[in-house]
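Visitor: Could you take me on a close look at one part of this structure, the place where two chains meet? I am new to this, so please go step by step.

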Amino acid sequence: MPRIIKKRSKKVGLPPGTPVYIGEKKAEKVRITIIDYDEAQFQEKEAKTIEECFPFEDKPTVTWINVDGIHQIDIIEKIGRHFNLHSLLLEDIVNTGQRPKTEDFEDYIFVVLKMLYYDEKDNEIKAEQVSIIFGSNFVISFQESERDVFNPIRERIRNGKGRIRKMGTDYLGYSLMDAIVDNYFIILEKLGEKIDDTEEELFANPTPETLQEIHKSKKEMMFLRKSVWPSREVVSVLERGESSLIRESTGIYFRDVYDHTIQIIDTIETFRDMLSGMLDIYLSSVSNKMNEVMKVLTIIATIFIPLTFIAGIYGMNFRYMLEVGWRWGYFAVLCVMLIIGIGMVIHFRKKKWL
Amino acid sequence: MPRIIKKRSKKVGLPPGTPVYIGEKKAEKVRITIIDYDEAQFQEKEAKTIEECFPFEDKPTVTWINVDGIHQIDIIEKIGRHFNLHSLLLEDIVNTGQRPKTEDFEDYIFVVLKMLYYDEKDNEIKAEQVSIIFGSNFVISFQESERDVFNPIRERIRNGKGRIRKMGTDYLGYSLMDAIVDNYFIILEKLGEKIDDTEEELFANPTPETLQEIHKSKKEMMFLRKSVWPSREVVSVLERGESSLIRESTGIYFRDVYDHTIQIIDTIETFRDMLSGMLDIYLSSVSNKMNEVMKVLTIIATIFIPLTFIAGIYGMNFRYMLEVGWRWGYFAVLCVMLIIGIGMVIHFRKKKWL
Amino acid sequence: MPRIIKKRSKKVGLPPGTPVYIGEKKAEKVRITIIDYDEAQFQEKEAKTIEECFPFEDKPTVTWINVDGIHQIDIIEKIGRHFNLHSLLLEDIVNTGQRPKTEDFEDYIFVVLKMLYYDEKDNEIKAEQVSIIFGSNFVISFQESERDVFNPIRERIRNGKGRIRKMGTDYLGYSLMDAIVDNYFIILEKLGEKIDDTEEELFANPTPETLQEIHKSKKEMMFLRKSVWPSREVVSVLERGESSLIRESTGIYFRDVYDHTIQIIDTIETFRDMLSGMLDIYLSSVSNKMNEVMKVLTIIATIFIPLTFIAGIYGMNFRYMLEVGWRWGYFAVLCVMLIIGIGMVIHFRKKKWL
Amino acid sequence: MPRIIKKRSKKVGLPPGTPVYIGEKKAEKVRITIIDYDEAQFQEKEAKTIEECFPFEDKPTVTWINVDGIHQIDIIEKIGRHFNLHSLLLEDIVNTGQRPKTEDFEDYIFVVLKMLYYDEKDNEIKAEQVSIIFGSNFVISFQESERDVFNPIRERIRNGKGRIRKMGTDYLGYSLMDAIVDNYFIILEKLGEKIDDTEEELFANPTPETLQEIHKSKKEMMFLRKSVWPSREVVSVLERGESSLIRESTGIYFRDVYDHTIQIIDTIETFRDMLSGMLDIYLSSVSNKMNEVMKVLTIIATIFIPLTFIAGIYGMNFRYMLEVGWRWGYFAVLCVMLIIGIGMVIHFRKKKWL
Amino acid sequence: MPRIIKKRSKKVGLPPGTPVYIGEKKAEKVRITIIDYDEAQFQEKEAKTIEECFPFEDKPTVTWINVDGIHQIDIIEKIGRHFNLHSLLLEDIVNTGQRPKTEDFEDYIFVVLKMLYYDEKDNEIKAEQVSIIFGSNFVISFQESERDVFNPIRERIRNGKGRIRKMGTDYLGYSLMDAIVDNYFIILEKLGEKIDDTEEELFANPTPETLQEIHKSKKEMMFLRKSVWPSREVVSVLERGESSLIRESTGIYFRDVYDHTIQIIDTIETFRDMLSGMLDIYLSSVSNKMNEVMKVLTIIATIFIPLTFIAGIYGMNFRYMLEVGWRWGYFAVLCVMLIIGIGMVIHFRKKKWL
């Protein structure tokens, strides 16, 4: 699981609005792709420099600029200058510890969301920050690295499937957010399966590893929660449609995304409840096991300690012990021991310990 | 218990508004029934194709189209085209992982609810999604499979009992929702009895199975909660009566359903409280049992270990042990042992361990 | 404690507004009393049939019809027809599983509350449903059976004590609700004493029965909560005084009842907190006890097992054991044992185990 | 700690507005003091009868009537008649189980608060009810018994220190409430110290008494909470300044008191959190102790039981045991025992049990 | 960790608005620095007496007076008189137990925040109170002692970096608050690392010290929460921009601080969740350990107690014991013992205890 809190100490003391990249250092080049379309035409290209994107702005078509990689501050700053973006916004794009949020700067809307993915290598959920800016005829999206979550949207634009080519930037913005939120379901499904496995293990053969699994899942839920809860608010603000950039007919789509975030939050809460129930089960299974161990000890001790005592008596070296001289003394004592032993076993049977 | 989260991965990446059935594959044919009535007349028929339903739309009478089975996408799409329904709505009908919700599209109101039933075979609660659309002169309801929860309503329409024949589509819509919500009470009664049984068992003879029962009931409550909580909101939206499709005189009926959902939620919360109280009882009964086991062990060990020690002393082979040669030595030692033993028993009686 | 959920299955499938009595079957006749008064005059009679009540309606005086017993549906229905009451209201009167609620039907206000009483025979709290309808010149109250909680009000009307004879139906309605809410305090006092007793027991001598007491009290609190929480809302709605049936000067009295319900809820929550604190105490007292038991076992075992071992050594039959032949060997070994024993005791004293 | 719920059963059934004293019976006479002042003049006297207070009402100066003791109903009633107070108000003054509240009767404002003090004798926190009524030129305060919490205010009026002499009844009312709320800080400090002591004890040497301390502190927090929470609301109502009796310039002072109540509530919640954390620590320290005890037992048993077994073998009386006759047999066995013993100790060292 | 509640008893009984310093006594002199700037000019000086600051007030430039040390009441009072500050405000500056709050006195805005820092010496988080007053052309800030958190702002003003020199007092006020809130992130990072360390320890080798660490971190979270929660409200009030002192263009900066406080609160809540999860893990690891200890004891006892009993039998001194005389008796018994011992080991292997 990624750290709950990102290193922000690098930023402290700098003037507000200074974009500082706080993630890991990366060597890869930033990749910029441009998709420009309206109902009739479609153009796609990969830009070498960010300046290639700027001419598209003057066209009435929808221009989608996607930037994969935010570790090159100068690119972000150039975009900021060209599109006249607020400096705090630039800071937020680059500060990957940002909480999901939306901000309405009359000319454009700024949205920050978390994209979750399952890192198979580290076997844990990770989050990347996605920032989306959409104005009247452009959408700019920033990702920390290249991921394929937006590919189906690209495909739909290319093929003109669905209504995406007929709609404006608000619908494209919605599509990007929808792709991110839909992705949460995949993560939840994966986690749900893991939790189900852990639960089965819990009832079949609980070990300290099971406890660790539960604890890990709990932490993953906390992490998910931190990413998804504020998303709800983000979508809710857009859904209420107070911005002139969001057409009324697009409102219902945002409402749909809103419903999805609610559903995800519901599921996370249910998982949390399940996990805390599983912890209780684990604790009581530990107690139950101890009970079993104690019973074995008690049964053995209770049967043999008195018998050993009897044997001890006849092991004493007193000169005047009549029984010792008797012909059937040994046999009698063995019988007494047998009777006591059987009696004890019956007693434990009755108590349901055996 | 059904899985908390449904497979949605099939849907990811598709354009919004694409209806994709995510449930199990089914072979049965979809069954369509039409009931058409007003105060004076009544007509009921089973449609072979969905097209048979469309003529009824032009009549001023109330037309209720009930579709049992949503796994044939083409039927849903035909209805959608004919009644001019929004594509997101069609998607929601078919996506059975949908959260209960209501949506007001001026011309019609769309309601999604969960119908619960007790699957005797799998011995668990299951949920099916019911979608209801009601416009000015038609009501369309979709169920996942054929269930008899709407039968009493059909009966009432046939016989003209109650005021249903005199009222419009809003009252029919209310009746369907009321039938679904009333059904929750039956489920709750069943669960309530199971919880009462478990509680009795808990005090009489708690076993690890009791714990499993508690855990299972807890999970069922989570499942119920997830289905019922959002229903409250759904009914509340309709009860506030902001839609022109709901007449003022019907408002009080929706308020009644609202009261029922609140009551169901109250009961679920009370059950949850009871179950978590039962878990505490279980845990402390495990501790109590261990206490009992420990006491038995301690009593036996505390009585016999010192006695065995005494026997051990007189089992030593020292040549010069006066007591061993005494006439009454053996008898004296036995007496001492008896006194110690009885003393111990008295001591434990005082401590209330015996 | 009464069951959390009442049998509603009888009702499922019936048209809404059908009054169905869901309580136990009763043979007793329903008792109807009429009190008619204004500042100047007063009349009281017991009605044989419900029809005797109807003439009073035309008089400007306040008419209070009290019906003890709701198992005769026909009486309820006659009243409903005569006073022109909504059918859902009639259903609610008879459905004793109803949640406390209030409903404003312009011509009259409908209030459902729970009356609690302590059933000495079953040694548990029980609830009965009381429905109150008050219009401009009549108040109708329904109880499940004859209880004396309204007697002081009758007395006050008879004697003209207080301001009740000078005020209208709203004040009478308030008086009935006040009587019911005041009664909650008596129940809470009783429960409070029981909880105090349990707490004392908990510290003096906790037994599994103490745990059962705590559990029972917790369940009673849940039951109380379910009855009282919604009452707050009921009173709050009336207190806000939006109905024309409640005069402004009566508002302050409803505010007083509201304060009382808040106080009762506060107390219930405090009791719940106390009970969950007591459960923690119980659990740790069980652990403490086990600790004590374990200490006794450990002390005995730790002292005597090594000593027994020493005795065992000199019980071995080796031919060449010098010590065994020594004159003071036996004495020396006994001394060594004594020293070890005393050393152990001192050790345990230091560890504060003794 | 005082009982959570006061005896109200005495009151049940009486007409509303009947003042009934529900506290302990007291013999002391009620003490009435009058302070009359404005910026220029100041007069203080102790009244024998309540009638002496009435002439002051006609003067434009601020008149503060303080009544210590509320067990003489007739005095309360006389004041009520003279100042034309609502009968429910009189009931509330005398009913010491009242929840803190405020009520605005246009001509005067009625405030009920709880004054807390630490009863050194019973070593517990106690609460007394203080009722304050302030009109345009008079303030009447009622206390259950004579306490010195208002003395600094008296002193300030006498000396004309601060701005109290220049301000009206609202400022005096504020001063009284401020004195009561400030007093909560003293109680909290005392409790805070006690909790800190308990915490230290918890880590140094937890005993069952520590648990009782924690439980007692928890109950005190519940009691405080019940007294302070509603005070917040009381002050908040006054701070919002909707009454014409509170001048705008006094508003900020009420806001200050409001801030204090919030701070007190914050602190109470923090203490509650701390206490529940301490309970967890206690429980796990009990478990830890048991672990220690078990380890001692296990070490002793594991070392000596096998050794005793070996000794037992050579204590057997078989005629043909070669070892027994060997010259170094005894010595060899002792060596073997020593090796086993040392081996066990090393083993436990490795396991960190020793 | 600092005490949850500060000594306020010194203040009780004094007239409201009396500034009383309740912190530790300090000998250091109070240090006053003045920074005066607008876009064109900049002046910085250290004032010997507070009177040196007053001439700056008449200039239209932004004047920032920073006072390090609040233990000299006379300085506070002089500032209060000169800038015409409300007496309650002065009291709040000096009362370091104040809850973070903001107060809008038309001519100036008053803000109290907590500055947190990590005291390396005492190895705990400490809080200092910072009060900020900003009017139309002046900002006064009070700190308890000299800290360097405002240094970057000074540096920015000196160098004219960022937009601070171009903006007014509201932006300076924002900068100060931003510096304080940004500092919280550093504290959280430090705590986050500590919690991660504790967690690792928890899984590797939990000791009672680990428990103490968890408890300490929990208390630190409570402390942080108490400081940060009300800050949110403070910033939120300013962000809503109802005061005429805050220009609209500065609003977005306050919104940014608001986002940061929300993020900090989120993180604190997540840490709290993690810590309570860790406590559960600790408790169950204690149980697991006890289980291990018990198993060892049980295995040893169960193997050797029966064997010792057998040895005891043949240690009895009966004259007529055939086996004792047999040639292979001893050997046979040893074999039997071996078989029993091996059988037991196999049994425990099956039970997975070994």
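Predicted model: local features only at pLDDT ≥ 70, side-chain atom pairs only at ≥ 80, totals over all residues.

Guide: Happy to! Between chain B and chain A, the count is 16 residue pairs in polar contact, with both partners at pLDDT 80 or more.

Which parts of chain B supply the side that touches chain A? At least two residues each come from α2 (87–94), β4 (101–105), α5 (208–239), α6 (248–313), α7 (322–325) and α8 (329–350) of chain B. The largest share of that side is from α6(B), which supplies 16 residues.

Now let's look at charges. Chain B and chain A have seven salt bridges between them. One to find on your screen joins the side chains of A:R255 and B:E103, at 2.4 Å from N to O.

How many residues take part in the whole contact? On the chain B side there are 61 residues, and they are in contact with 61 residues of chain A. The size of an interface is often given as the accessible area lost when the parts come together. For chain B and chain A, the buried area is about 5,700 Å², and carbon and sulfur atoms account for 65% of it.

Next, turn to chain D and chain C. Here 62 residues from chain D and 61 residues from chain C make the contact. The area buried between chain D and chain C is about 5,800 Å², with 65% given by carbon and sulfur atoms. The rule finds seven salt bridges across this interface, and one of the salt bridges between these chains links the side chains of C:R255 and D:E103 at 2.4 Å, N to O. As for polar contacts, 17 residue pairs are found across the interface of chain D and chain C, both partners at pLDDT 80 or more.

On the side of chain D that touches chain C, the elements giving two or more residues are α2 (87–94), β4 (101–105), α5 (208–239), α6 (248–314), α7 (322–325) and α8 (329–350) of chain D. Of these, α6(D) gives the most, with 18 residues.

One last stop, back on chain A. Find helix α8, residues 329–350, where A:I342 sits. Together with A:L338 and A:I346, A:I342 makes a nonpolar surface patch of about 300 Å².

Key
Residues numbered from 1 in each chain as written. Chains lettered and ligands numbered in written order. Heavy atoms only, no water. Patch = residues over 30% accessible without salt bridge, like charges linked within 9 Å, V, L, I, M, F, W, Y side chains within 5 Å. Areas by Shrake-Rupley, 256 points an atom, 1.4 Å probe, with all protein chains shown as cover. Salt bridge = Lys/Arg side-chain N within 4 Å of Asp/Glu carboxyl O. Helix = DSSP H or I, 4+ residues; strand = E, 2+ residues; numbered from the N terminus. Contact = heavy atoms within 4.5 Å. Buried area = accessible area lost by both parts, 1.4 Å probe. Polar contact = N/O pair within 3.5 Å; in protein donor to acceptor, adjacent residues only side chain to side chain.
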